[in-house]
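I opened the model to see how the chain is put together. These are my notes, in the order in which I looked things up.

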Amino acid sequence: MAIDWAILDKIQSMFSSGFMDWLMPRITVLGDAGIIWILMGVILLISKKHRRTGFLVLVGLLIGLIIGNGIVKNLVARSRPCWLDTEFNMLISVPKDYSFPSGHTQASVIAATIITLYRKEWGWVVIPLAVGIAFSRLYLYVHFPTDVLGGTVLGLMIGLVTYYAGNRIISAFMAKKQNRGEAL
């Protein structure tokens with residue numbers, strides 16, 4: 001745990017500034033309740049060409065919510081850095097739920113993984129956004145680095161499984177419907 005505190009202190013000493021104090025709350029809010037990723041999933045659903053990917057993003061986010069936020073957070077029950085160091089000048093409201101894994105990071109990695117696997121060139125947009133949201137959680141003192149790492153690993157696993165298993169399930173379902181002559 002000492003390394004977690006050392007990294008948080010280093011982030012503050014290297015990056016703390018008026019600009020970052022203004023920027024980081026605005027970046028982190030994009031990840032609140034996975035809103036930016038839900039919005040992207042819905043936008044992808046609108047287009048028939050991208051509908052499957054939009055569906056997979058939303059399914060992946062739901063799986064992440066259940067596993068990461070619903071199960072793992074409550075099993076680990078880890079305190080947040082801002083709960084332990086109450087002297088830190090908070091720039092956002094102090095979260096009420098546990099710290100591990102970072103839900104903002106997990107949702108960001110799930111969506112960025114699925115979207116990037118679908119269209120590699122879209123990764124140039126979604127991956128930096130996911131990294132920015134994850135970093136904001138550290139800068140804002142609401143997660144330890146190992147929370148972000150845990151959210152990244154769990155998000156990557158859920159994103160990969162959702163993308164590959166989801167595509168196989170959907171393809172099998174569509175082939176079955178087509179073989180029966182049903183309208184798609």
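**Contacts and overall fold.** I started with contact range: residues 24 or more positions apart account for 79% of the contacts in the protein chain with a separation of 6 or more, a contact being heavy atoms within 4.5 Å. I noted the source: this is a predicted model, in which local features need pLDDT of at least 70 and side-chain atom pairs count only at pLDDT 80 or more, while totals for chains, interfaces and linings use all residues. Residues are numbered from 1 along each chain as its sequence is written, and side-chain values use heavy atoms, with hydrogens and water left out.

I then looked up the secondary structure and found eight helices and zero strands. Helices (H or I, at least four residues) and strands (E, at least two) are DSSP runs, numbered from the N terminus. Along the sequence the pattern reads α-α-α-α-α-α-α-α. I took the box of the C-alpha atoms along the principal axes, and it is roughly 65 × 35 × 25 Å.

**Burial and core.** Of the 184 residues of the protein chain, 44% count as buried. The cut-offs are under 20% relative accessible area for buried, over 50% for exposed, and partly exposed in between (1.4 Å probe, protein chains only).

Next I asked which residues touch the most other members of the largest nonpolar core. They are Trp37 and Met40, in a core of 35 residues. Helix 1 (2–15), helix 2 (18–31), helix 3 (35–46), helix 4, helix 6, helix 7 (123–139) and helix 8 (145–179) each give two or more residues to this core. A nonpolar core here is a set of buried Ala, Val, Leu, Ile, Met, Phe, Trp, Tyr and Cys residues joined through side-chain atoms within 4.5 Å. As background, nonpolar side chains tend to be buried together in soluble globular proteins.

I listed the contacts of Met40, leaving out residues up to four places away in sequence, and got Ile115, Val126 and Leu129. I also checked Thr105, which is in helix 6. Thr105 has a relative accessible area of 1% and is therefore buried. With residues up to four places away in sequence not counted, Thr105 touches Ala134, Val148, Gly151 and Thr152.

**Largest pocket.** The largest pocket holds about 320 Å³ of space. Its lining has 21 residues, and Ala33, Gly34, Leu65, Asn69 and Gly103 are the closest to its centre. Helix 4 (51–76) and helix 6 (103–118) are the elements that give two or more residues to the lining. Helix 4 has the largest share, with seven residues.

For the record, a pocket is found on a 1 Å grid over the protein atoms alone, as an open set of points where a 1.4 Å probe fits, with protein on both sides within 12 Å along at least five of seven lines; lining residues have an atom within 4 Å of a point. The volume is the space filled by probe spheres set on the points.

**Aromatic pairs.** I counted nine aromatic pairs. Rings of Phe, Tyr and Trp (its six-membered ring) pair if their centres lie within 6.5 Å; planes under 30 degrees apart count as stacked, over 60 as edge-to-face and the rest as tilted.

The rings of Trp5 and Tyr141 have centres 6.1 Å apart and planes at 55°, so this pair is tilted. Trp5 lies in helix 1 and Tyr141 in the loop between helix 7 and helix 8, so the pair ties together parts 136 residues apart in sequence. Trp5 is partly exposed at 23% relative accessibility, whereas Tyr141 is buried at 2%.

For Tyr163 and Tyr164 the centres are 5.0 Å apart and the planes at 90°, so the pair is edge-to-face. Tyr163 is buried at 14%, and Tyr164 is partly exposed at 48%. Ring pairs also link Trp5, Phe88, Tyr141 and Phe144 into a cluster.

I found a cis peptide bond between Phe100 and Pro101, with omega about -5°. Pro101 is in the loop between helix 5 (81–84) and helix 6.

Ala33 lies in the loop between helix 2 and helix 3 and is exposed at 73% relative accessibility. Tyr141 also has a positive phi, near 70°.
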